[in-house]
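Student: Could we go through this model together, asking each time what stands behind the words we use for it?

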Amino acid sequence: MGEGEMSEPMTAGAVPDLHGGHAAPGYGTFVAVWAVLVALTALLVLVSRSGQGAAVWGLLLITPVKAALVFYFFMHLRYEGLLLKVVVSVALVTLLIFFALLFSDIAFH
Amino acid sequence: MNQAAHAHPEHRDDFGAKLGMWLFLLTEILLFSGLFLGYAWMRTRYPAEFHHAGTEMNAVLGVTNTIVLLTSSLTMVLSLVAIQRGERKRAMLGVGATILLGLVFLVNKAFEWHAEIHHGNYPGSAHLATLPPGEQVFFGLYYTMTGLHGVHVLVGISVLSVMLVMIKRGRISRDRFVVLENGGLYWHLVDVIWIFLLPLFYLAA
């Protein structure tokens, strides 16, 4: 696929977005995502104020959702091909494994 | 000069450019992750101290800066939509707003650090030396992580300033915008890191 793109630079220029084009999202989608992110931030602040345990759960549950929204929409992962999604997932899963190892070490030390 | 370049089919690989940017961003994620792991370990070790040191943080400034960065991410992604539609002025407006919000973030950060340093909460201060080890670690992590993040904001602002000029000169256009897309990816990642820093430091109490 990469070969094909390289041999046809003019076509690549004429079609601005290979993985979006007409399907590319408009302004509204992103404004909606932004509103959800602000709402989640407000929720996180509220939850954090209701106690130490709730704050930790807010951190562990709400924060990753916010990060995922930025990755998925703002960083266009939603509109990317499988290769890019897999590359990013491998890195994030590796990270999760590191965190799992750390906390298992703490728990059983 | 340019005519010669155009006569020959130029090499162009937008997907490769984006994949390269993502690979770089993954190294950035792992760089910050080391610090996040350190934070997680220290917080489980000194829960009470982290909670107490967290009360010294200015939550209002932290939340304000979160909204500022989230909004800057929005203006960034909107500028990309604009350039894809050939709306050059709007694209410049979006990038300009992103740069401005980035500066607002840094000014807030400066006020915040100024206040913390004024309270004697800075690495190596006499006041900090009297605090228990857990609180010293908290402030050490606070300055390292928000400082490293601040450097990234500064780099992002510089990169986006170049992009603003590139859009103005037509180097970034409806047909070739992968550079702006990659600049945006960097900016959004800086936003994601801040999303995690907010609850770790400002809402810890």
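Tutor: Gladly; what follows is a set of questions about a predicted model, each answered from its values.

Student: Let's start with confidence. How do you know which parts of chain A the predictor trusts, and where is confidence lowest and highest?

Tutor: The score is pLDDT, which runs from 0 to 100. Chain A has a mean of 82, with 78% of its residues at 70 or more. Helix α2 (residues 9-14) of chain A has the lowest confidence, a mean of 38, while helix α3 (residues 27-49) of chain A has the highest, at 95. Over residues 1-22 of chain A, pLDDT stays under 50. For that stretch the model has 24 contacts beyond four places in sequence.

Student: What are the elements of chain A, and in what order do they run?

Tutor: There are five helices and zero strands in chain A, so the order from the N terminus is α-α-α-α-α.

Student: Why is A:L69 called partly exposed?

Tutor: Count its C-beta neighbours inside 10 Å: there are 19. Buried would need 20 or more, and exposed 12 or fewer, so A:L69 falls in between and counts as partly exposed. This residue is found in helix α4 of chain A.

Student: What does A:L69 touch, leaving out residues up to four places away in sequence?

Tutor: A:L69 touches A:V33, A:V36 and A:L37. Take A:V33: it is 36 residues from A:L69 in sequence, yet their C-alpha atoms are 7.2 Å apart in space. For chain A as a whole, 44% of the contacts with a separation of 6 or more join residues 24 or more positions apart.

Student: And B:T144, what makes that one partly exposed?

Tutor: B:T144 has 14 C-beta neighbours inside 10 Å; with the cut-offs at 12 or fewer for exposed and 20 or more for buried, 14 lands between them, so B:T144 is partly exposed. B:T144 lies in helix α7 (residues 133-168) of chain B. From B:P123 it is 21 residues away in sequence and 9.9 Å away in space, C-alpha to C-alpha.

Student: How do you know that helix α4 of chain B has close to its expected span?

Tutor: Helix α4 (residues 59-84) of chain B has 26 residues. The expected span is 1.5 Å times one less than the number of residues, which gives 38 Å for this helix, and its first and last C-alpha atoms are 38 Å apart, so the two values are close. Just after α4(B), B:G86 takes a positive phi of about 80°.

Student: Now the two chains together. How many residues of each are in contact?

Tutor: 39 residues of chain B are in contact with 40 residues of chain A. On the chain B side, α2 (14-45), α4 and α8 (178-202) each supply at least two residues, and α2(B) gives the most, with 12. By class, that side has 22 nonpolar, 10 polar and seven charged residues.

Student: What belongs to the largest nonpolar core?

Tutor: This core has 65 residues, and A:F30, B:I83 and B:L197 are those with the most contacts inside it. Elements of both chains give two or more residues to the core, including α3 of chain A and α5 (88-118) of chain B. The largest share, 16 residues, comes from α8(B).

Student: Which residues are in contact with A:F30, leaving aside its neighbours within four places in sequence?

Tutor: A:F30 is in contact with A:P25, A:F73 and A:F74, and also with B:L74, B:V77 and B:L78.

Definitions and conventions:
Residues are numbered from 1 along each chain as its sequence is written. Chains are lettered from A and ligands numbered from 1 in the order in which they are written. This is a predicted model: local features need pLDDT of at least 70, side-chain atom pairs count only at pLDDT 80 or more; totals for chains, interfaces and linings use all residues. Helices (H or I, at least four residues) and strands (E, at least two) are DSSP runs, numbered from the N terminus. Two residues are in contact if their C-beta atoms, placed from the backbone, lie within 7 Å. Ala, Val, Leu, Ile, Met, Phe, Trp, Tyr, Cys and Pro count as nonpolar, Asp, Glu, Lys and Arg as charged, and the others, Gly among them, as polar. A nonpolar core is a set of buried Ala, Val, Leu, Ile, Met, Phe, Trp, Tyr and Cys residues joined through C-beta atoms within 7 Å.
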